[in-house]
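Let's take a friendly walk through this model, from the contacts inside one chain to the contacts between two.

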Amino acid sequence: MHYSAWQIFKNGLTGGSGWKPFWRTPEPKKKYDIIIIGGGGHGLATAYYLAKNHGINNVAVLEKGYLGGGNVGRNTTIVRANYLLDGNSQFFSHSLKLWEGMEKELNFNTMMSQRGILSLGHSDGQMDSLARRGNMMISQGDDAELLSKEQLKEFVPYVNQEDPRFPIYGGLLHKRGGTARHDAVAWGYARAADRLGVDIIQNCEVTGMVISNGTITGVETNKGIIKADKVGMAVAGRTSQVASMAGLKLPIESHVLQAFVSEGLKPCINCEISWGAELFYISQSDKGGLVFGGDIDKYNTYAARGNLPAMENVMEAAMALMPMIGKAKVLRSWGGIVDMTMDGSPIIDKTAITGLYLDGGWCYGGFKATPASGWCFAHLLATDIHHDVAEKFRLDRFEKGYLLDEEATGATPNLH
Amino acid sequence: MQSLKGQRMKLKNLEPTNNSKKIYFTFDDKKYFGYLGDTLASALLRNGVKIIGRSFKYHRPRGVLTAGSEEPNALVSILRNGQINPNIKATEVELYDNLISTSQNRWPSLKFDFLRINDFLSPFLGAGFYYKTFMWPKSFWEKLYEPVIRSAAGLGKLSPVADNSVYEKAFAFCDVLIIGAGPAGLLAAKTAAITGIQVILADEDFVGGGRLNSETFKIDGQECSQWAQNELLKLREMPNVRVMTRTTILGVYDGGTYSALEKVGEYSSEAIDHLPDSIFWRIVSKKTVLCSGSIERPIVFKNNDRPGIMMASAVRTFLNRFGVIPGKKIIVFGNNDDARRTVFDLQSKGVEVIAYVDSRDKVEKIKNTRCFANSVIVNTNGPMTLSAVTIRTGNTITKLKCDCLAISGGWNPSIHLTSHMNNKPIWNETINCFLSRPRAVPNMEVAGSANGVFSTKMAMTSGVFRAREILKELGVKFQNIRVPETENEDYNCEPLWQVDGKGRAWLDFQNDVTVKDLKQSQKENMTSVEHMKRYTTQGMATDQGKNSNVNAIGVMAELTGQTISLTGTTTFRPPFSPVAIGALGAGGDGKRFAPIRKTTSHNFNEERGSPNIEAGLWMRPNWFPKQGELHWRESCDREVNMVRNFVGICDVSTLGKIDVQGPDSAILLDFVYTNKISSLMLGKIRYGLMLREDGHVMDDGTCARIGQQHYIITTTTAAAGQVIRHLEFVLQVLRPDIDAQVISVTEQWAQFAIAGPKARKLVDKICEQEISNAQMPFMSFLEVNVGEVAARLFRISFSGEHAYEISVAASYGDAMMRLLVSEAELLEGGPYGMEALNVLRIEKGFITHAEIDGRATAQDIGMKKMINEGKDCIGQVSSLRPGLVDLEREQLVGIKPINKEDVILAGAHVYPVDKNPKRINDQGHITSVCYSPTLNTSIALALIKNGHKRHGETLKMVDHLRNSEILVELTSPIFFDSTGSRVRG
Amino acid sequence: MRIICPICGERDLREFHYEGSSKLIDRPDAGAGLAAFHDYVYIRDNIAGINEELWSHEYGCRGWLLVSRDTNTHEIMSTELARDAKFKRSENET
């Protein structure tokens, strides 16, 4: 069924009796060409592009819970292509282009709102760094502009420039960046993949891998053994656990990132803002809630919930940056488990096990990567060749010393 | 943790006194009055105001549904101190004089809301309709559809100015925390309190007592509300008990930590002296008893959302606590005995109950009212407020006029807090509600109706029992507490998840989610409870699903044919109730966000009119303007020339200083520095490079041997914290065998640079000792006296001139700065600031964290030779990885513009002259820039691919952001005095 | 979270700095080679369960601690001074 205003009108007249399931609930087959472990944004996007770009639809996505129930449904919905380093820059640039065409591609409104990403700077040094980043973005073919503090007074008048602890020197605006409705992305890709014949198997947990002579031939699940020629792991928050089923150890440490949403308010924040004095970012969703967060809690955890010090830091940052929102009330808080790599950049690569591939280590930046990671992981799975824009996301870069360290903090996962 | 028995821990509390004081307030510009002790909701109801807001999607009229913090409908904005406080529940607002409130989410008025049109378009606005449309044409999404959706979104509005509420934060500690001061909580608190241990009793209401304030039965012969107040009074008088009313426990965290919000001065028209609007508490408790009671669930039937339809328990609250009769023609509908209690309470106050409708079949009749057993309500009429209901008994339909319908669907224990640690509640088939798993939160017991124990007597018994359990665990002796005589009835609930039939039946009143939406989501295969919730937005309104979650799960279970247990539930997360960002972020506003660190010369700098600049948390002077200088470059250029030709003084106290002592000091330093320190002679100084274990540069600085086993090392300002932590890590974790101690002395010593050709003359003059070149060659140390003050003199240079740094105890810092400057001025010198400091160091190719940005290696900055291969050091092995020695890496070079007039820009990238300025042609970037008055040109440091081998090459610098493209030449980073003769002379 | 510092007693999480896995205690010898250092610096077990990790009481006594903690529930099983743990390990090796 193709979605459109006409469908809505038609179904409205018939009391909604014509709506069809978004996806089937198939029983798993005995064997597939490719199994993707993880029914989140990346797994579903990969399945879609395998079918769409490579004509491979004998694919199963195995999701241990309900599809889209992991980090794709827990992030702060930011989409941007403002990375600094060669290796990241081209990947996220490709991703942003896919975002821009996503609704048409999937026939699903993921409500991408290109309202702009504004990064603030609070010292000459920070402004120099922003300039370096902005120049990289433009040389990549994306957009960036430097705003003076006077221009910021006009563009974002609610940002405190009266008595800030860290005065604002200026900002870098990335207009094509913005936000999207996270659940819709998962649902959109799931529906589109399902329509192309991919089997999405929910409530199917992978409990082991069938490996012999260094080659994977299938996975053990709570629904039995399912065979496959190739298996791709896309399990944010559980990457180390799933990889360890194949005896693999990774340069990953898992942490919790808390996020918050306020009650719905009439529009008051017109773009996404990232503060420069401390890690803090905020935007306003289409439903009116302020969506915001800050740094990870900084200790290794799988609890998917954080503690008060990190939460208080976020709230204090909010008040320091834009005291106008003091009376907005936090409605919900949650936490997602983020797989922090030792250089803060992701991994899309084969592993030491033939037939086993990895898409993981996305730290807290996996959401914006959804379409490109699906595109590139599908490319790797289908052709065994790395896609150009994901060339540098190798697992062996740590051993070889070709790190992609955006935050420049070294091998400390909680500082990325 | 020792608890201090018997110590007073009282806090003053505001308590309502008598009920007869009249209070005037406005709602939507109309003036009304209420009484002290009213909530805004009770006062509005007493004044016959039934419509208070509009629902989110369909803009249907909304009135008061509940009497508590779970209220989904009666949301207002309060105007106070000139600012709007949006989305406030009228049921929580303590009425105060001159309260100004307005309705929300309606235009142009509450009575005539234009967007009610949505209600008529509802067949087309079902669940998730926006995912299926608004996609074409593409540009319309950004320009039309989205802005319209956004402006319709949200309920309340914020004032566009900085929040002027006063927020505070505090910590509290106790042995036992009792959450909820209802029957269970009061008895639990009493049980714990009389043992003498520290007890905190918290309740979100402004009057403790819970349901006891809303019912009419007797406890030991007393009115239950009176009994509750007496118990509270007794508890308040105990020195080991802190009763915190108006305090909502928001969240449960690890280690017995709870977050809570106490409303203090919020409910007053002007700020009350010395009182914050609210306090955000962090309460740490060894044990907790959750006595949070239950929330009544609505019944789902067609058009069950009209103003005038209220929870039966709320009707009793308004009647018994506030003396408000919510309607003239009241009907009661329920599936349990609380419906009957409502009828009796109303009748006992002389209110006529037109009908009593009960879905159960075996019900006793009630006198003086029409009884409908085995019956349900299948529809209601409006148009704006409730005017009639339709009752179905078997095949018989009865329509009755009424203006108030009290509904009771059963109780949902308030177990939200128990699932904050990720333990999902369990469905109990016998009493048809979700209950907490035992010890879902470590050290927390649940008592009373929150634990599915619904009669008052049993709730009290439960409170005592649970309190005793935790007292046992604390090893505290406890007494037997007598449970008073009071009602002990089962409420006999027979669940009714929905009344079948066509037409929209509401689950979520605020977000307008109906059973129809759930049916649709099921049709579309969104059957998991999480999918259903996110797709329909059920439970995502400001009541956080308190009025809809369980009903929605019940309906979903019926639709899918699964049990409720299997359908499951979503997890609750903090906060239990919405809480202001300002309250949680108290102390973050304005300058309070982070401490300000000042050097000892700060006052001097201000006197000289030097503009301050933030360097991390420090304030440092940017330049020292002289009279007549209008532009900062004038001052900066002058200061650079002054240092190069005479002498300049600069406060460098902010750089990290670490004192290292002990027999193995040299072993430690050899291990953390790449170069050899153990060969450093007494009285000598060496430059040192430190790597991280991953082989990249961590920091650089100097190392001075000031005693046999005593060293002072310096770090950059930015990395001071990181380096001291690193040294402590080495000593305590990696090499506890090393016998050495380290301590930060950054703040203990004030340190000043004295730089320039006349530096030696100045230093010699102020020191008691003779300072000659022979005595103090470059990179040496001497202990000196300046007058009677002991000082440390280091001959080191960051400017490339003959220079020293002199260090005195911080208490002499201000005096030292003034002495140095006055002496310097005698020699045609003076103070210099950060801008000049930066120019001087760039001219000499000295790096800062602009160059060693965390990705640089020793080789990149031309210091590969500093890694002594004869010894191990942190980072030694990892620095040899191919990626770290790859010649294509960006290496430190100097940059000069080909055209002397051109300006180099920091952050610009560099490309081959004949190639497009695209990423694939990127050769590197500019890290630090300045105008060099010494060389009369703009100069810069940069990191360029294979830079060491490309001196002399011409490239182009392109800054896309600032539209600049110039030709530049790569040079050595040492622009001036490449032999270093000035610094050694 | 509240951590019991062996020197200061039970203190709130906000006083502590988390460094990483206790693996960091066992730094390879200089001659161990690139592979050993790669494993030490980068590879982590990242267990969902009881882990040993290194913290420091940065806003208190600045003591480094070896903490045994369940990463699923945050329950802290034990804490000891890192240097004591290191000495024990060295003794075990000899």
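A polar contact here is a pair of N or O atoms within 3.5 Å, where, within protein, one must be able to donate a hydrogen and the other to accept it. The model is a predicted one, and side-chain atom pairs count only at pLDDT 80 or more. With that in hand, we can turn to the interface of domain 1 and domain 3 of chain B, where 6 residue pairs are in polar contact, both residues being at pLDDT 80 or more.

**Domain 1 and domain 3 of chain B**

The domain assignment of chain B places domain 1 at residues 4-118 and domain 3 at 298-408, and domain 2 is given in two pieces, 167-295 and 413-474. Further along come domain 4 (496-567), domain 5 (613-653 + 751-841) and domain 6 (656-744).

Taken over C-alpha atoms, the centres of domain 1 and domain 3 of chain B lie 25 Å apart. About 1600 Å² is buried between domain 1 and domain 3 of chain B, with 61% of that area from carbon and sulfur atoms. On the domain 1 side, B:Leu45, B:Lys50 and B:Leu65 lose the most area to domain 3, together accounting for 34% of what that side buries.

Charged pairs also take part: there are 3 salt bridges between domain 1 and domain 3 of chain B. B:Arg62 forms a salt bridge with B:Asp305, with the closest N and O atoms 2.7 Å apart. Which elements of domain 1 supply at least two residues each to the side that touches domain 3 of chain B? They are helix H1 (40-46) and strand E4 (61-62) of chain B. H1(B) gives the most, with 4 residues. By class, this side of domain 1 has 8 nonpolar, 5 polar and 8 charged residues.

**Chain A against chain B**

Now for the contact between the chains. The table sets out the two interfaces.

| Interface | Residues in contact | Buried area | Salt bridges |
|---|---|---|---|
| Domain 1 and domain 3 of chain B | 21 residues of domain 1, 18 residues of domain 3 | about 1600 Å² | 3 salt bridges |
| Chain A and chain B | 117 residues of chain A, 118 residues of chain B | about 9600 Å² | 9 salt bridges |

Carbon and sulfur atoms give 56% of the area buried between chain A and chain B. A:Arg165, A:Lys266 and A:Lys327 supply 10% of the area that chain A buries against chain B, more than any other three residues.

Between chain A and chain B, 64 residue pairs are in polar contact, both at pLDDT 80 or more. Several elements of chain A give two or more residues to the side that touches chain B, including helix H5 (124-140), helix H9 (308-321) and strand E16 (329-341). The largest share, 11 residues, comes from H5(A). The residues on this side of chain A divide into 55 nonpolar, 32 polar and 30 charged. In one salt bridge between the chains, the side chains of A:Glu312 and B:Arg282 meet at 2.6 Å, N to O.

Strand pairing also crosses between the chains: E16(A) and strand E31 (residues 579-580) of chain B run antiparallel and are joined by 2 bridges. A:Val330 has B:Val579 in E31(B) as its bridge partner.

**A sheet in chain B**

Chain B also has an open sheet of 3 strands in the order E32-E34-E33, with mixed pairing. Strand E32 (597-598) and strand E33 (612-615) stand at the edges with a single partner strand each, so one side of each has no neighbour in the sheet. E32(B) pairs with strand E34 (residues 618-621) in the parallel sense over 2 bridges, and B:Lys598 stands opposite B:Met619 in E34(B).

Note on methods: Residues numbered from 1 in each chain as written. Chains lettered and ligands numbered in written order. Predicted model: local features only at pLDDT ≥ 70, side-chain atom pairs only at ≥ 80, totals over all residues. Heavy atoms only, no water. Pairing = 2+ DSSP bridges. Domains from an automatic or database assignment. Contact = heavy atoms within 4.5 Å. Buried area = accessible area lost by both parts, 1.4 Å probe. Salt bridge = Lys/Arg side-chain N within 4 Å of Asp/Glu carboxyl O. Polar contact = N/O pair within 3.5 Å; in protein donor to acceptor, adjacent residues only side chain to side chain. Nonpolar A, V, L, I, M, F, W, Y, C, P; charged D, E, K, R; others polar.
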